[in-house]
Amino acid sequence: MSVQKKEQNKSDTVSVVDEEKSIRMLNNDLTSFEAAIDTMMKCFNKTIEEAESLAFKIHSSGSAIVYTSSEADCKKVLEKAKQFCIDM
């Protein structure tokens, strides 16, 4: 009985903080490096160096995480990025 009480108390102290989510950009044959870099700079606040590095990673590996934040934030930023017709 005391074991059950300890487990119950332990679970009572656990709380979930707003979990971070990520946006992944995918490689495709239609989007130019310039368009991908421009989108990362305008939508995901990447510097030119960060965007270029990510563009090469996307090209070589097929995808890369370009943004991490709260779920609500990711949804807002993703909608903005979709206006650029970039596959995510």
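Close-up 1. The side chains of K75 and E71 form a salt bridge with an N to O distance of 3.7 Å; the term denotes a side-chain nitrogen of Lys or Arg within 4 Å of a carboxyl oxygen of Asp or Glu. The model is predicted: local features require pLDDT of at least 70 and side-chain atom pairs count only at pLDDT 80 or more, whereas totals for chains, interfaces and linings use all residues. Residues are numbered from 1 along each chain as its sequence is written, and side-chain values use heavy atoms, with hydrogens and water left out. K75 and E71 are four residues apart in helix 4, so about one helical turn separates them. Helices are DSSP runs of H or I with at least four residues, numbered from the N terminus. K75 counts as exposed because its relative accessibility is 52%, while E71, at 38%, counts as partly exposed. Here, buried means under 20% relative accessible area, exposed over 50%, and partly exposed in between, with a 1.4 Å probe and protein chains only.

**Close-up 2. Salt bridge between E79 and K82 in helix 4.** The side chains of E79 and K82 meet at 3.9 Å, N to O, in a salt bridge. Both residues belong to helix 4 and lie three residues apart, about one turn of the helix. E79 has a relative accessibility of 47% and therefore counts as partly exposed. K82 is likewise partly exposed, with a relative accessible area of 46%.

**Close-up 3. Salt bridge between K42 and D38 in helix 2.** The structure holds three salt bridges, one of which joins the side chains of K42 and D38 at 3.2 Å, N to O. Both residues lie in helix 2, four residues apart, or about one turn of the helix. With a relative accessibility of 43%, K42 counts as partly exposed; D38, at 29%, also counts as partly exposed.

**Close-up 4. Packing of helix 2 against helix 4.** Helix 2 (residues 33–44) and helix 4 (residues 71–82) pack at an angle of about 140°, and their axes are 10 Å apart. Axes are lines fitted to C-alpha atoms over the stretch in contact, and angles run from 0 to 180 degrees between N-to-C directions. In the contact, defined by heavy atoms within 4.5 Å, T39, K42, C43 and F44 of helix 2 meet V77, K80 and A81 of helix 4. By class, this contact has four nonpolar, one polar and two charged residues.

Conventions
Helix = DSSP H or I, 4+ residues; strand = E, 2+ residues; numbered from the N terminus. Nonpolar A, V, L, I, M, F, W, Y, C, P; charged D, E, K, R; others polar.
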